[in-house]
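I opened this model to take notes on its fold, its helices and its side-chain pairs. My entries follow in the order I looked things up.

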Amino acid sequence: MGNCIICKRKLNKVEQDIVNYIMTNKDSDYSTILMQDERIEVFCGLGPMRQALFQWLEFDEDAELLEVGGHFGELTGFLCSKCKAVVSVENNKKMAESIYHRWQHKENLDVYMDEKEILKTGRKFDYIIVGSGLAGLYA
């Protein structure tokens, strides 16, 4: 696993619960949690629904992908299975740590908290996906 550079915005109660679910879950199967916690935010944060948005897309398996606004990593694992390298950027420290923890077994993933750190690397990407987590990026 690569880098995890961290930092900012406070999480609300539901977001804190999602972080706790990710940090205490032993694998990436959240079906038991989803049956017990019926809040839509938890379903969106831990369920596979968002992957369907990109299921139809044929990614080049040698591609490098930048995910801006990684949120809780809802797409991150899926994207790692499709591309050679994935860089996920999430500006919230706890959410970035959650992505890192959730997908720590993915050797082709780097997680960053600050998009400026990626710019410093000079790295080029074949795909850039801007996720819903971007909403609080500059809050």
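This is a predicted model: local features need pLDDT of at least 70, side-chain atom pairs count only at pLDDT 80 or more; totals for chains, interfaces and linings use all residues.

**Entry 1: fold.** I counted the secondary structure and found six helices and five strands. Going along the sequence, I wrote the order down as β-α-α-α-β-α-β-α-β-α-β.

**Entry 2: overall numbers.** I looked up burial next. The protein has 139 residues, and 49% of them count as buried. The accessible surface comes to about 7,800 Å². Carbon and sulfur atoms hold 53% of that surface. For contacts with a separation of 6 or more, I noted that 61% join residues 24 or more positions apart.

**Entry 3: helix 1.** I went to residues 13–24, which form helix 1. Its twelve residues reach 16 Å from first C-alpha to last, close to the 16 Å expected at 1.5 Å a residue. Which residues of helix 1 are buried? I listed Val-14, Glu-15, Asp-17, Ile-18, Val-19 and Ile-22. Two acidic residues, Glu-15 and Asp-17, are on that list. I recalled that an α-helix has 3.6 residues a turn, so residues three or four places apart point the same way. What do the buried residues of helix 1 pack against? Their partners are helix 3 and helix 5, the latter spanning 93–102.

**Entry 4: a nonpolar patch.** I then turned to the surface. Ile-40, Phe-43 and Met-49 make a nonpolar patch of about 280 Å². I placed Ile-40 in helix 3, which covers residues 40–46. Is Ile-40 buried or exposed? Ile-40 counts as exposed because its relative accessibility is 53%, and the cut-off for exposed is over 50%.

**Entry 5: Leu-75.** Leu-75 lies in the loop between strand 2 (64–68) and helix 4 (76–82). Leu-75 is buried because its relative accessible area is 9%, and buried means under 20%. Which residues does Leu-75 touch, leaving out those up to four places away in sequence? I found Arg-50, Gln-51, Phe-54 and Glu-67.

**Entry 6: cysteines.** I searched for disulfides. A disulfide is a covalent bond between the sulfur atoms of two cysteines. The count here is zero. Cys-80 is in no disulfide, and the nearest cysteine sulfur, that of Cys-83, is 8.3 Å away. Cys-80 counts as buried because its relative accessibility is 6%. Cys-44 also counts as buried, at 16% relative accessibility.

Entry 7: Asp-37 and Arg-39 form one of them, with N to O at 2.6 Å. Asp-37 is buried, with a relative accessible area of 10%. Arg-39 is partly exposed, with a relative accessible area of 27%.

**Entry 8: salt bridges around Arg-123.** With Glu-64, the closest N and O atoms are 3.0 Å apart. That pair links distant parts of the chain, 59 residues apart. Glu-64 is in strand 2, and Arg-123 is in the loop between helix 6 (115–121) and strand 5 (127–130). Glu-64 counts as buried because its relative accessibility is 19%, and the limit is under 20%. Arg-123 is partly exposed, with a relative accessible area of 29%.

The other partner is Asp-110, and here the closest N and O atoms are 3.2 Å apart. This pair also links distant parts of the chain, with 13 residues separating Arg-123 from Asp-110 in strand 4 (residues 109–112). Asp-110 counts as buried at 15% relative accessibility. Elsewhere, I traced salt bridges that share partners, and these join Lys-13, Asp-17, Asp-37 and Arg-39 into one network. Asp-17 is also among the buried residues of helix 1.

Key. Residues are numbered from 1 along each chain as its sequence is written. Side-chain values use heavy atoms; hydrogens and water are left out. Patches are made of residues with over 30% relative accessible area and no salt bridge: like charges are joined within 9 Å, nonpolar side chains (Val, Leu, Ile, Met, Phe, Trp, Tyr) within 5 Å. Accessible areas come from the Shrake-Rupley method with a 1.4 Å probe; for residues, only the protein chains shown count as cover. A salt bridge is a side-chain nitrogen of Lys or Arg within 4 Å of a carboxyl oxygen of Asp or Glu. Helices (H or I, at least four residues) and strands (E, at least two) are DSSP runs, numbered from the N terminus. Buried means under 20% relative accessible area, exposed over 50%, partly exposed in between (1.4 Å probe, protein chains only). Contact means heavy atoms within 4.5 Å. A disulfide is a pair of cysteine sulfur atoms within 2.5 Å. The expected span of a helix is 1.5 Å times one less than its number of residues.
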